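Visitor: I have a structure open on my screen. Could you take me through it?

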Amino acid sequence: MSEIQLRPHDRLVDDLVARLEPVRPLPSPGRRALVWAGAVLALGLGLLAVLELEGLRGPHPAEAPLVLFGAVLTALSAAYAAFATSVPGRPARWALLPLAPAALWIGASGPGCLRALAGPGLEAPHAPHGCFTFLLGVSLPLSVLLVLMLRRACPLRPNLTAALGGLAVAAAAAALLAPFHPQETTAVDLMVHGATVLGVIGLNGLAGGRLLDRSRR
Amino acid sequence: MLLILAPETRPDALFPLRPRTLESRPQARGGAAMALEERLAAAMRAAQGGDAEAYRALLRACLPVARAAVRAQGLRGEAVEDAVQDTLVTLHRVRASYDPARPFLPWLRAIAQRRAIDALRRAGRRPREVHDPAAYEAEPDARPAPGEGLEARERAADLARAVAALPAGQRQAVEELALRERSLEEAAALTGRSKGALKVNLHRAIKALRASLAGPGVGRPGD
């Protein structure tokens, strides 16, 4: 029996050993989520320098702090879940983590939606495409950063991980929008916000899934 | 891809464990599994630090674990070893994603299971000719056509009858020169006839056979 038959994977093992270089283990999912959240915060602080704080003027709806809290919590938990599911051997149940915060975020937005639909009509006091531009403009760099960070791990369920990342990005963008957006929302506002958030999650799920799939690389 | 043709490399061949007799008891098996987990985790930590020998031992010890995980997903035959190799390559590429504070085996098995699922999906996407009616109809059959053997046997019987009906000198020439493929010298020595007589007899025999086998009304122009 030949040497190859005795140890059928020896050539591959030798090749991998020859290419071995020391690596630094990735930080834990929680630490990586905090690093990303730090980048979100830095982006928000950067926006302060160029945008007016329209959201802090005028009367505030009672549910506004709860909506903001829900969005922040959703962003953090979804980011943690995305990083957790990017590590082999971690249970997929982590994907359920952002469900409760997302329910809080969406549920707290409900009264505002009803008021907007029954209120002053579809005429917005400001241009709604501004919200769209803001949400997309913020989501793009946050998505790129998150995908780059997730790619360093090994997402075995790339579409799930990317969709969680999309949820984190959309929630973070919505949270960042709050201080810069007038508090009196209209139906058009809500439609633009909702469509943009869903679009960000969907695009991340589709494009991010391909970018994160290591079997395609 | 290199394919396996040999016995598996057992983890305990690389990491000596307790005697086999103890492993038959569930408690002992659990202890052995824990020992294996600890040794593999330690080897992976060393490999992350750049220890080549620890890495070599780790990769070899991962083979049976990966193989079992891949088979558990339903892969069989050569595809198992391909998926095992994919698992090792993935392990190498993403070794930084292993957290030294966590168990190693779940990390490895998750990668192996995923590579097995990828292999199953690839196999599912590969077109199969058996489902293509046009290809199925166009596939040539290597076996002889129906009735081909019967015709051959009939032709052989006709030829044998025609040869048997020849005069003795012509029959001898055909049998020795054509059927047994002897040389003129050998045939002349065996039959006691001259080479010239054999040649003439063979020529006449062929002419007679052609006439008798062509059938009535069929013959060469001029015959």
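This is a predicted model: local features need pLDDT of at least 70, side-chain atom pairs count only at pLDDT 80 or more; totals for chains, interfaces and linings use all residues.

Visitor: How many helices and strands does chain A have?

Guide: Chain A has eight helices and zero strands. Read from the N terminus, its elements run α-α-α-α-α-α-α-α.

Visitor: And what share of chain A counts as buried?

Guide: Of its 217 residues, 40% count as buried. As for contacts in chain A between residues at least 6 apart in sequence, 89% join residues at least 24 apart.

Visitor: Which residues have the most contacts inside the largest nonpolar core?

Guide: That core has 84 residues, and those with the most contacts inside it are A:Ala75, A:Ala79, A:Ala168, A:Ala171, A:Ala172, A:Ala173 and B:Leu58. Helix α7 of chain A, residues 158-177, gives the most to this core, with 15 residues. In soluble globular proteins, nonpolar side chains tend to be buried together.

Visitor: Let me pick A:Ala168. What is it in contact with, leaving aside neighbours within four places in sequence?

Guide: With those neighbours left aside, A:Ala168 is in contact with A:Ala75, A:Ala78, A:Ala79, A:Ala82 and A:Leu146. There is also a second, separate core of seven residues, which includes B:Ala173, B:Val174, B:Ala187 and B:Ala205.

Visitor: Changing topic: how many residues of chain A are in contact with chain B?

Guide: On the chain A side there are 25 residues, in contact with 34 residues of chain B. The elements giving two or more residues to the chain A side are α1 (3-6) and α2 of chain A. The largest share, five residues, comes from α2(A).

Visitor: How does that side divide by class?

Guide: The side of chain A that touches chain B has 16 nonpolar, five polar and four charged residues.

Visitor: Back to α2(A). At what angle does it pack with α4 of chain B?

Guide: Helix α2 (residues 10-18) of chain A and helix α4 (residues 52-72) of chain B pack at an angle of about 145°, with axes 10 Å apart. Their crossing is right-handed.

Visitor: Which residues meet there?

Guide: From α2(A), the residues are A:Val13, A:Leu16 and A:Val17; in α4(B) they meet B:Ala52, B:Tyr55, B:Arg56, B:Leu59 and B:Arg60. By class, this contact has six nonpolar, no polar and two charged residues.

Visitor: What about α8 and α11 within chain B? What is their angle?

Guide: Helix α8 (residues 148-164) and helix α11 (residues 195-214) of chain B pack at about 130°, with their axes 10 Å apart. The angle therefore makes α8(B) oblique to α11(B). This crossing is right-handed.

Visitor: One last item, B:Glu181. Where is it found?

Guide: B:Glu181 lies in the loop between α9 (168-179) and α10 (184-191) of chain B. Its phi is near 55°, a positive value in a residue other than glycine. Most residues other than glycine have a negative phi.

Visitor: Is B:Glu181 buried or exposed?

Guide: B:Glu181 counts as exposed, because it has 9 C-beta neighbours inside 10 Å, and the cut-off for exposed is 12 or fewer.

Note on methods. Residues are numbered from 1 along each chain as its sequence is written. Chains are lettered from A and ligands numbered from 1 in the order in which they are written. A nonpolar core is a set of buried Ala, Val, Leu, Ile, Met, Phe, Trp, Tyr and Cys residues joined through C-beta atoms within 7 Å. A residue is buried if 20 or more other C-beta atoms lie within 10 Å of its own, exposed if 12 or fewer, and partly exposed in between; C-beta atoms are placed from the backbone. Helices (H or I, at least four residues) and strands (E, at least two) are DSSP runs, numbered from the N terminus. Two residues are in contact if their C-beta atoms, placed from the backbone, lie within 7 Å. Axes are lines fitted to C-alpha atoms, for helices over the stretch in contact, and angles run from 0 to 180 degrees between N-to-C directions. Angles under 35 degrees count as roughly parallel, over 145 as roughly antiparallel, 65 to 115 as roughly perpendicular and the rest as oblique. A crossing is left-handed if the near helix is turned anticlockwise from the far one by less than a right angle, and right-handed if clockwise. Ala, Val, Leu, Ile, Met, Phe, Trp, Tyr, Cys and Pro count as nonpolar, Asp, Glu, Lys and Arg as charged, and the others, Gly among them, as polar.
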